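Trainee: I'd like to learn how to read a structure like this one. Can we go through it feature by feature?

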Amino acid sequence: MPGFILHQGAVLTCPHGGKVTVVPVSPPRVQVTGLPVQAAADQMAVTGCSVPICATVLWQNLSARVMVNGQPIALQAPPGPGKGDGSCLPPAVPPLVLTIQPRVIAT
């Protein structure tokens, strides 16, 4: 599904207020609005969950045509901010996307 490219400047939280942080597995090579894009292999860690059950985020909306380091990139379906296209694990609930870059869309 087409969507806005997630980059490391996007602000995401778990539904319980924990902060989602991207941990790249390889040096970033592609940038959007001056910040590295998030590849499928990058890890998303949750810190500060008020219920302490959310540990990681698994992103499910990945690009079919755009690759970085041979990996698809994470996409957020329009209109952008709102429920994320992934799951906080282990409870399997969607994270919240608070801010995202609005300029670049990929498929």
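Trainee: Which residues does Q38 touch, leaving out those up to four places away in sequence?

Mentor: Keep in mind that this is a predicted model. To read contacts, look for heavy atoms within 4.5 Å of each other. Here, Q38 touches L6, H7, V22, M44, I73 and A74, once residues up to four places away in sequence are set aside.

Trainee: And where does Q38 lie?

Mentor: You'll find Q38 in the loop between β5 (35–36) and β6 (43–47).

Trainee: Does Q38 count as buried or exposed?

Mentor: Check the relative accessible area: under 20% is buried. Q38 has 3% relative accessibility, so Q38 counts as buried.

Trainee: Okay, pockets next. How much space lies in the largest pocket?

Mentor: About 160 Å³. Then ask what lines it: 13 residues do, and A40, D42, Q43, V57 and L58 lie nearest the centre of the pocket. β6 and β7 (56–59) are the elements that give two or more residues to that lining, with β7 giving the largest share, four residues.

Trainee: How do the residues of that lining divide into nonpolar, polar and charged?

Mentor: Nine are nonpolar, three polar and one charged.

Trainee: Last one: in what sense do strands β8 and β9 pair?

Mentor: Follow the bridges from strand to strand. β8 (residues 62–68) and β9 (residues 71–76) pair in the antiparallel sense, over three bridges. V68 stands opposite Q71 in β9. This hairpin has two residues between the strands, and N69 takes a positive phi near 55° there.

Key
Residues numbered from 1 in each chain as written. Predicted model: local features only at pLDDT ≥ 70, side-chain atom pairs only at ≥ 80, totals over all residues. Heavy atoms only, no water. Buried < 20%, exposed > 50% of the residue type's maximum accessible area, 1.4 Å probe, protein only. 1 Å grid on protein atoms, 1.4 Å probe; cavity = no way out; pocket = protein on both sides within 12 Å on 5 of 7 lines; lining within 4 Å. Points joined across faces, edges and corners; volume = space filled by probe spheres on them. Nonpolar A, V, L, I, M, F, W, Y, C, P; charged D, E, K, R; others polar. Pairing = 2+ DSSP bridges.
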